[in-house]
Amino acid sequence: MQANEDKVRFDWNRSLPRDRELDPYILELANPRERVLDLGCGRGELLKKLKEEKKVREHGIELNSEHVADCLAQGLSVIQADLEEGLSDFMGECFDLIILNQVLLTVKDPLALLQQALRIGRRAVVTFPNFAHWRIRLHLLLTGRLPVNQTLPYKWYESPEIRLATIKDFQELCRELHIEIESRRFLQLNSLVQNRKVNLWPNLRSTVALFCLRRGGQYDSNPK
Amino acid sequence: MSQPNQIPDSSVGLVETRSVIFRGAEWVLQLESGKTLHPVKVAYETYGRLSPAKDNAVLVCHALSGDAHAAGYHTGAPGEKPGWWELIIGPGKPLDTDRYFVICSNFLGGCKGTTGPADIDPATGRPYGLNFPFYTVRDMVKVQKWLLDHLGVKKLLAVIGGSLGGMQVLQWSISYPDLVLGAIPIAATARMSPQAIAFNEVARQAIMSDPSWNYGLYKPDRQPESGLALARMIAHITYLSENAMLRKFSRRMIDGTERGFKLEADFQVESYLHHQGSTFVKRFDANTYLYITRAMDYFDLHLDYGSLKNAFDPCKSSFLVVSFTSDWLFPPFHSQELVKGLRQAGKNVSYCNIGSDQGHDAFLLPGNRMGEVVSGFLTRLEKEVQLAGK
């Protein structure tokens with residue numbers, strides 16, 4: 001559980017606007033007084049809202065010790081640890097909701113993390129930037145370079161996201177792992193106009209995806 | 001008359017150490033070693049007021065060389081040092097005496113007012129010395145519980161302590177799960193490493209090889225001073241970190257930069273350690289040092305309960321575990337093991353490995369974030385109590 005310096009080095013502030021944009025949608029998914037675990041909870045912004053608005057029993061895991069101290073100073077229940085280690089110590093289904101807000105693509109073993117999350121929680125919320133957005137496709141096609149934008153605000157060598165995924169890829173993975181998709185949200189984060197929900201051609205038109213998952217069950221076959 | 005000391009507003013002010021003697025058939029202390037002790041005197045201090053609902057008490061457990069005097073001043077004389085945890089106890093401080101009723105007692109077997117090896121054995125009329133029975137952290141906690149009963153405190157908002165104090169916190173949460181709402185072990189461990197036991201043993205040998213020690217039969221005013229001072233010097237090294245020493249002393253000489261070509265203290269770090277040693281012998285008893293370090297060595301939750309998960313299974317407290325990055329005596333991974341055991345037992349636990357280059361002693365020093373972390377945790381517990389009371 002020793003702090004992994006490589007991971008703490010990232011400047012998370014740059015993706016903070018993107019990460020916080022999704023908070024209202026995650027808040028909607030939490031039911032009052034649930035046991036909620038936010039993996040990679042940062043300074044506890046989302047946990048605090050969940051605690052105040054939904055009266056959840058909050059818990060967080062965060063690697064950065066300054067961020068953890070910020071959380072604890074606000075009275076939040078948070079453990080300083082590498083979220084890829086130690087989840088196996090939790091008993092099965094000891095949480096109602098696990099939050100993986102923009103963290104799944106930052107870890108070495110996303111599959112293991114996803115499966116652990118669905119073992120210790122009844123439901124899991126996963127959000128990630130959609131690499132199949134048309135602007136990214138076009139940018140790559142026309143300039144031959146990787147995008148640096150609002151949803152992916154880092155250059156290739158400094159990005160905490162060590163993996164890239166598209167909505168289709170993720171849905172395919174859920175199918176393979178027999179993970180039930182309870183609900184999903186596709187969004188176009190935009191600094192100029194209000195964030196928009198995307199209903200038509202989400203894999204092409206949304207910049208960010210949010211999935212609410214459950215273990216086992218039926219696969220909702222509706223990939224677009 | 002000398003000018004009274006300017007006591008800051010952030011202090012609890014003038015305080016006194018009180019004591020209670022537990023005497024009578026129902027107060028024979030059964031120790032873990034199988035021996036008994038009677039009577040038992042306990043020295044303690046309290047700060048703040050117990051609320052009408054009696055739900056705001058915080059017990060502070062001190063470390064090896066601490067005492068009941070955790071905050072405030074005894075005389076207010078110029079130059080008087082405040083209690084050992086003045087840093088966090090007082091009005092508006094993390095252990096806010098405007099909100100909490102703070103209790104600190106000298107632990108069993110100490111030499112600051114609670115019955116210990118330096119006290120007179122009623123059976124012989126002479127100091128106990130090596131006739132004092134061995135005691136454990138569990139025994140210390142048992143006596144603290146007696147004190148709480150005496151004070152009419154039936155519930156603790158929190159128990160907090162660093163180092164050996166943290167061991168007592170852990171034992172409290174295990175021995176009295178219904179009493180402890182929040183447990184805050186700081187720079188603690190479920191069991192010390194062989195390295196830490198080794199340092200304790202060298203310290204004990206330093207005391208016992210001083211001829212004045214005389215198998216513990218020294219007179220109170222004839223302590224084995226050189227042995228006890230040496231023990232303290234060794235221990236003090238383990239409380240600091242390499243960086244802290246570098247920052248504090250570098251390689252500075254006492255007299256400028258010239259080598260003195262002498263064996264007396266020449267480097268500043270040497271004179272610092274000598275000072276630590278010589279002031280310690282004035283305030284601490286050598287036999288007591290032997291016993292307390294043994295109590296630390298013997299503390300082992302794995303041995304007592306089979307595993308940490310088993311140890312913590314009966315606990316009902318919320319935990320805040322705190323370690324410091326540069327602590328190599330009770331290193332962070334020991335705290336992380338506690339967190340793991342607590343997680344496995346399904347307990348509510350928070351943990352922070354606070355950045356500090358101050359080593360094990362960081363919990364006694366300003367300049368790190370321990371205070372705000374503790375304050376946040378206590379405030380949360382307080383709110384929970386208020387909500388539950390509604």
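Modeller: Chain B is divided into domain 1 (18–196 + 300–389) and domain 2 (198–293); such bounds come from an automatic or database domain assignment. The model is predicted: local features need pLDDT of at least 70, side-chain atom pairs count only at pLDDT 80 or more, and totals for chains, interfaces and linings use all residues. Residues are numbered from 1 along each chain as its sequence is written, while chains are lettered from A and ligands numbered from 1 in the order in which they are written.

The C-alpha centres of domain 1 and domain 2 of chain B lie 26 Å apart. Where they touch, domain 1 of chain B gives 25 residues and domain 2 of chain B gives 20 residues; two residues are in contact if their C-beta atoms, placed from the backbone, lie within 7 Å. On the domain 1 side, the largest share, three residues, comes from helix α3 (residues 194–208) of chain B. Helices (H or I, at least four residues) and strands (E, at least two) are DSSP runs, numbered from the N terminus. That side of domain 1 of chain B divides into 13 nonpolar, ten polar and two charged residues. Here Ala, Val, Leu, Ile, Met, Phe, Trp, Tyr, Cys and Pro count as nonpolar, Asp, Glu, Lys and Arg as charged, and the others, Gly among them, as polar.

Next comes the core. The largest nonpolar core has 169 residues, and those with the most contacts inside it are Val58(B) and Val159(B). Domain 1 and domain 2 of chain B both give residues to this core, so it lies between them. A nonpolar core is a set of buried Ala, Val, Leu, Ile, Met, Phe, Trp, Tyr and Cys residues joined through C-beta atoms within 7 Å. A residue is buried if 20 or more other C-beta atoms lie within 10 Å of its own, exposed if 12 or fewer, and partly exposed in between, with C-beta atoms placed from the backbone. Not counting residues up to four places away in sequence, Val58(B) touches Leu95(B), Tyr100(B), Phe101(B), Val102(B), Leu156(B), Leu157(B), Ala158(B) and Ile160(B).

For the chain around this part, buried residues make up 51% of the 390 residues in chain B. Among its contacts between residues at least 6 apart in sequence, 72% join residues at least 24 apart. Chain B has eleven helices and 14 strands.
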